Amino acid sequence: MVWEEAVRVTLDLIDNVWKNKAEVTTDNAVDITLPLALFVIGSAGFGRKISFEGDLNIPVGHTMSFKDALHGVSTDLMLNVLIQKWAMSLTKRFRTMRRAFLELQKYMQEMIDERRDAQKKPERRDLFSSLLDANMEEAEGTETRLEDSELIGDIFIFLLAGHETTAHTLCFTLGLLALYPDEQELLYKNIMDALPDKRLPAGILSLFTYEDMSALSYVTAAFLETLRLFPPVPKIAKKSAEDTILVTTTTSGEKLVVPVPKGASISLHTPGLHYNPRYWKDPYEFRPQRFCEDWPRDAFLPFSGGARSCIGRRFSETEATAILTVLVLRYRIEMRDEPQFISETVEQRRERLLKATVGTTTTAFISMSFPFLC
Ligand code: HEM
């Protein structure tokens with residue numbers, strides 16, 4: 001479902017927004033990847049097909065379409081978390097955000113009610129339905145059964161966790177592919193080689209399916225290599241559950257014993273691990289190939305590790321591979337030429353374009369153009 005939705009939404013962008021133009025330019029590539037990721041989580045998460053074209057369907061009892069509510073909430077999700085209810089009425093932006101939040105809450109409550117009604121219960125495979133079904137299987141009144149408000153809260157977390165991270169990583173991947181055209185060529189070659197007869201047929205919607213994902217290993221590797229270079233969660237917060245000792249070695253090779261008391265706050269510093277030359281050769285280089293060879297699993301923690309690691313890992317890998325496959329098949333990704341930067345070196349360009357800021361997650365600002373390829 002994630003694969004199908006990611007392909008559908010990317011083709012919707014190309015066909016209906018870009019109108020298959022020969023060249024598309026953007027000031028900030030995240031303006032492309034954020035809605036893509038939002039619509040995929042909206043569709044695969046809630047089982048509602050969302051597309052770029054305006055959604056005029058506002059059901060009775062609502063003042064916004066589902067898509068607008070989803071978009072409104074996701075745009076300002078952190079603001080919503082941070083700002084007190086009373087402050088929400090102060091400005092137009094806050095009022096719109098509050099309205100979107102209440103609207104989405106209402107849509108979700110309706111979905112819950114719909115599933116309670118055995119007669120109406122729709123056959124669905126989306127994340128929200130799975131969570132509801134699992135919760136309904138719990139006996140009523142038991143402690144493990146979630147209240148409706150808890151279910152809705154969990155879904156909001158999914159929404160935030162599930163689209164910003166993937167969107168910003170995809171944006172960095174596009175930037176890196178533009179900066180490393182040879183790598184982009186290898187990725188394109190991987191896609192062409194994965195085609196059944198190595199030729200591009202007329203319609204690409206059904207060209208690849210989820211079953212083909214393993215053949216698109218270089219595409220997935222480019223996404224993983226981006227996650228190594230720009231992990232969206234640079235510090236993963238943990239608390240020690242018991243007194244323990246960590247044993248490590250210093251850069252000069254001496255053994256170091258670090259006592260960690262119960263309750264101590266620990267932060268997993270993912271960039272520190274991902275750029276450590278002890279585990280990664282030429283760590284500052286963008287080399288997707290390393291993920292096609294034997295690579296150090298324990299030195300790669302963008303999704304964290306252990307029992308509480310990210311449950312959306314496969315979701316985002318699938319989504320990213322599908323989106324990149326469709327984009328690279330149809331467009332060449334290039335940096336936009338800007339006269340004021342004409343004399344800069346490749347290193348200066350790389351540094352300027354991939355300047356990351358820490359927002360909710362690591363955020364990318366990249367400007368580029370997409371000349372049509374086929
Ligand atoms: C590039 C994409 C993603 C990255 C880098 C990422 C990273 C992470 C990290 C670092 C954590 C914290 C784990 C910990 O505390 O040890 C996490 C948790 C979580 N992620 Fe993701 N994530 C991504 C995509 C997704 C997607 C697509 C979804 C949903 C469809 C998702 C759902 C969640 C949820 C629900 C949790 C909380 C798990 C728990 O507390 O048990 N994530 N993610």
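Figure 1. N20 belongs to the loop that lies between α1 (2-17) and β1 (23-26). The coordinates come from a predicted model. The phi angle of N20 is near 55 degrees, a positive value in a residue other than glycine. Most residues other than glycine have a negative phi. With a relative accessible area of 31%, N20 is classed as partly exposed.

Figure 2. A total of 22 residues surround the ligand, and the closest are K238, P302, S304, R308 and C310. How is this shell divided by residue class? It consists of 13 nonpolar, seven polar and two charged residues. Three secondary-structure elements, α7 (148-179), β2 (235-239) and α11 (313-330), each provide at least two residues of the shell. Of the shell residues, six come from α7, which is the largest share.

**Figure 3. Close-up of polar contacts between side chains and the ligand.** Which distance separates the side chain of K238 from an oxygen atom of the ligand? An N or O atom in the K238 side chain is 2.5 Å from a ligand oxygen. For S304, the distance between a polar side-chain atom and an oxygen atom of the ligand is 2.6 Å. R308 likewise places a polar side-chain atom 2.7 Å from an oxygen atom of the ligand.

Figure 4. S304 is located in the loop between α10 (270-274) and α11. Although S304 is not a glycine, its phi is positive, at about 65 degrees. Is S304 buried or exposed? S304 counts as buried because its relative accessibility is 12%, and the cut-off for buried is under 20%. This residue is also among those closest to the ligand, with a polar side-chain atom 2.6 Å from a ligand oxygen.

Figure 5. T226 is part of helix α9, which spans residues 217-229. T226 is buried because its relative accessibility is 0%. Within the model, a polar atom of the T226 side chain lies 2.6 Å from the backbone oxygen of A222. Which residues does T226 touch, not counting those up to four places away in sequence? The residues touched by T226 are T169, F172, T173, L176, P231 and F286.

Key
Residues numbered from 1 in each chain as written. Predicted model: local features only at pLDDT ≥ 70, side-chain atom pairs only at ≥ 80, totals over all residues. Heavy atoms only, no water. Helix = DSSP H or I, 4+ residues; strand = E, 2+ residues; numbered from the N terminus. Buried < 20%, exposed > 50% of the residue type's maximum accessible area, 1.4 Å probe, protein only. Polar contact = N/O pair within 3.5 Å; in protein donor to acceptor, adjacent residues only side chain to side chain. Contact = heavy atoms within 4.5 Å. Near = heavy atom within 4 Å. Nonpolar A, V, L, I, M, F, W, Y, C, P; charged D, E, K, R; others polar.
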